[in-house]
Amino acid sequence: MIRSAIEHRELIANLVIRELKGRYKSSLLGFLWSLLVPLFMAIIYVVFLRILAGRSVPIEEIIIGVFAWQFTVQSVQGGMTAITANANLVKKVFFPRILLPISSTLANLINFLLTLLVQFAILIALHFLLGIELSWLALAVPLVVVYHAFFNLGLAYLLSACNVYFRDTQHLVGVLISAWFFMSPAMYNLALVEAQAAAHPWVMKVYMLNPMAPVICAYRALVLADVDFPWSVWSMAGLLWPVIFVILSYFGFKRAQRNFADML
Amino acid sequence: MNAIEVRDLKKSYRIRGVAPPTLFGHLRRLVTRRRPDVFHALKGVSFDVPAGKTVGIIGPNGSGKSSTLGLVAGTITPSSGTVRTSGRISSLLELGAGFHPDLTGIENIYLNAAILGIPRARVRQKLERIIDFSGLHDFVQQPVKTYSSGMYVRLGFAVAVEMDPDILLIDEVLAVGDIAFQLKCLDRIREFQRQGKTLLFVSHALQTVEEFCDEVLLIHEGNLVARGDPTDVIMEYIKSYMGEGGQLFTQEFGTRRVEILDVRLRDKEGREAAIFNAGEVLEIEIRYHAKERIEKPIFGYSLKTGNGYYLYGSNTCIMNYPIDAIEGEGVMRLRFDPLKLLHGNFFLSLSIHSWDHAEQFHRREDWYPFSVKNPSEAQGVFALDSSWTLD
């Protein structure tokens with residue numbers, strides 16, 4: 001996989017550029033939108049959660065959560081159509097099909113890295129306004145980003161191939177992703193889940209098996225001084241099983257791609 | 001040495017009915033255990049393409065030509081059998097594949113080139129030449145969504161021909177753009193041939209196939225039916241699938257007060273033939289039956305090339321051969337002496353109509369195919385009477 005990616009780096013670069021340039025090409029604000037959308041999302045969540053849940057809602061945690069969640073959502077949506085949206089390409093030109101989900105995920109990664117700049121600007125502003133403690137561990141965030149992108153890549157492999165065989169995937173994923181949103185600590189923090197899980201300890205264990213839970217927690221723990229990563233067997237399991245998942249989706253994709261041209 | 005070796009290649013598709021693949025559809029099949037219907041696009045085809053040669057694939061629509069190219073290109077996976085290729089392979093299957101409508105012409109040149117595997121450095125170096133070839137100087141800074149379909153394809157072709165493959169696959173792409181652009185395309189194909197590239201190409205333009213190919217494969221219903229010398233294979237194709245008795249291309253109409261019964265094409269010795277030599281005799285013997293007495297009928301004929309290009313048409317009235325009247329059975333002869341057609345496949349249409357063109361008795365359109373071989377050096381479709389004078 002890595003060898004073929006390096007061999008075709010020019011093609012990947014071009015596909016990523018196409019994706020990024022094409023996305024905002026004829027809009028007035030252009031690339032600014034990729035910064036503005038998560039910003040507006042964060043503002044909306046913060047404002048409404050404050051109205052609904054009171055002043056105790058930790059703004060900084062929600063901002064980190066929502067930005068990270070957006071990365072996965074966009075990778076899922078882009079990855080899902082990576083093959084089907086390029087049907088004529090896949091049918092007519094031979095090149096490793098795996099490059100399509102890879103470049104779709106890379107484009108979203110670049111997008112996410114830019115939004116991280118906005119995110120840090122906001123967090124630094126909050127540091128001065130509200131006295132939020134930031135941690136030097138934030139310098140390790142790139143490690144989490146790499147891992148997060150790796151997980152998103154696995155999703156893109158799986159969903160792009162599934163969508164070729166079953167167009168239902170698009171609709172099903174739309175539903176599942178909103179359920180997944182509420183099952184991930186994007187617009188709330190772990191304290192909320194812990195409170196709910198007090199009576200049933202197994203809830204917390206299962207909860208941490210959702211890879212997005214430890215990933216978002218890791219972002220928060222690194223950036224914010226007073227948030228700790230919920231170390232446990234279960235959170236580690238939640239971080240590790242995606243490795244197997246990504247490898248399996250990679251081989252699944254390899255196998256599925258033989259019939260892509262016939263199914264499109 | 002062979003550039004392409006195809007052995008017992010089979011490809012079948014599952015017929016999924018009209019519905020696109022859905023989860024429900026798959027589940028239903030699991031439950032009902034119905035075996036899916038299978039369509040065999042290729043039923044075991046074997047052939048070789050020697051390096052540096054140009055091989056054409058012809059056949060009626062849906063016979064498996066494009067599947068063969070797709071399998072050689074690697075975009076389609078064979079059901080069984082093998083394809084071995086040696087050297088870099090590129091295809092002109094889809095021009096402008098992967099163009100993004102919102103990106104400009106230049107941006108799409110780079111993108112398309114990357115998809116086709118042309119290194120960026122080479123594109124940068126050849127950018128002027130690509131833009132020149134496409135003839136789109138004034139538009140390359142515009143998004144391609146503003147292009148006409150012809151401009152789109154021209155840009156795609158201009159990029160594609162910058163590939164430097166050992167094997168080039170071409171699928172009916174030459175029928176694009178205006179005449180000037182088509183000529184440029186054909187020139188570029190000849191350049192590829194001169195450079196010793198191997199070409200495999202699918203086309204319905206028989207005249208073009210005849211002109212470019214060293215060998216022609218005829219595919220029908222997934223089988224390789226014939227292969228060999230272009231003129232012979234194309235003739236066989238025309239005879240089996242297009243001419244008399246074939247359903248393709250031909251049509252027949254008229255009131256049938258006079259009927260064309262039987263037509264024979266004869267060579268200089270009076271033997272029936274399908275392939276004639278340029279410069280010799282072609283005589284067409286038309287047996288007709290007039291069911292009643294017809295005053296002043298007109299016999300006409302016309303010729304088209306294998307590409308369907310109208311070459312020449314005339315009739316007994318234009319040629320000052322008035323006929324008093326015909327009744328009952330008879331024979332009319334049309335003689336070409338010498339035959340000035342040079343090389344290629346041709347379709348003869350015959351008609352018998354009334355003196356005032358008011359009534360078409362019987363017309364057979366593109367009904368009689370024949371081929372001409374040209375032993376001389378002259379180029380083109382037909383010989384013109386011409387001479388040189390040095391003052």
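Start at the interface: 25 residues of chain A are in contact with 28 residues of chain B. Contact here means that the C-beta atoms of two residues, placed from the backbone, lie within 7 Å. On the chain A side, the elements that give two or more residues are α2, α5 and α13 (260-263). Of these, α2(A) gives the most, with six residues. Helices (H or I, at least four residues) and strands (E, at least two) are DSSP runs, numbered from the N terminus.

Before going on, note that this is a predicted model, in which local features need pLDDT of at least 70 and side-chain atom pairs count only at pLDDT 80 or more, while totals for chains, interfaces and linings use all residues. Residues are numbered from 1 along each chain as its sequence is written, and chains are lettered from A and ligands numbered from 1 in the order in which they are written.

**Chain B, whole**

Select chain B. Its C-alpha trace spans about 80 × 75 × 45 Å along the principal axes. It holds eight helices and 18 strands. Of its 391 residues, 38% count as buried. Buried means 20 or more other C-beta atoms within 10 Å of the residue's own; exposed means 12 or fewer, and partly exposed lies in between, with C-beta atoms placed from the backbone. Take the contacts in chain B between residues at least 6 apart in sequence: 74% join residues at least 24 apart.

Colour by pLDDT, the predictor's confidence in each residue, from 0 to 100. Chain B averages 84, and 91% of the residues score at least 70. Where pLDDT is low, the predicted coordinates should not be read in detail. The model scores ipTM 0.75 and pTM 0.75.

**Helix α3 of chain B**

Now select B:105-116, helix α3. This 12-residue helix reaches 16 Å from its first C-alpha to its last, close to the 16 Å expected at 1.5 Å a residue. The expected span is 1.5 Å times one less than the number of residues. Because 11 of its 12 residues are buried, α3(B) is largely enclosed by the rest of the structure. Among the buried ones are B:G105, B:N108, B:Y110 and B:L116.

Show the surroundings. In chain A, the buried residues of α3(B) pack against α2 (9-24) and α5 (87-92). In chain B, they pack against β5 (89-92), α4 (120-134) and α5 (149-160). Step past the end of the helix to B:G117, whose phi is positive, near 85 degrees.

Axes are lines fitted to C-alpha atoms, for helices over the stretch in contact, and angles run from 0 to 180 degrees between N-to-C directions. Angles under 35 degrees count as roughly parallel, over 145 as roughly antiparallel, 65 to 115 as roughly perpendicular and the rest as oblique.

Which residues of α2(A) meet α3(B)? Pick A:E10, A:L11, A:N14, A:R18 and A:K21. Facing them are B:E107, B:Y110, B:L111, B:A114 and B:I115.

**A:Y24**

Stay in α2(A) and centre on A:Y24. Buried or partly exposed? A:Y24 is partly exposed, with 15 other C-beta atoms within 10 Å. Leaving aside neighbours within four places in sequence, A:Y24 is in contact with A:G30, A:F31 and A:W33. A:S34 is 10 residues away from A:Y24 in sequence and 8.6 Å away in space, C-alpha to C-alpha.

**Last stop: α7 and α11 of chain A**

Select A:141-165 and A:212-223, helices α7 and α11. Their axes come within 10 Å and cross at roughly 170 degrees. That makes α7(A) roughly antiparallel to α11(A). Show A:V141, A:V144 and A:H148 in α7(A); they meet residues of α11(A) including A:V215, A:Y219 and A:L222.
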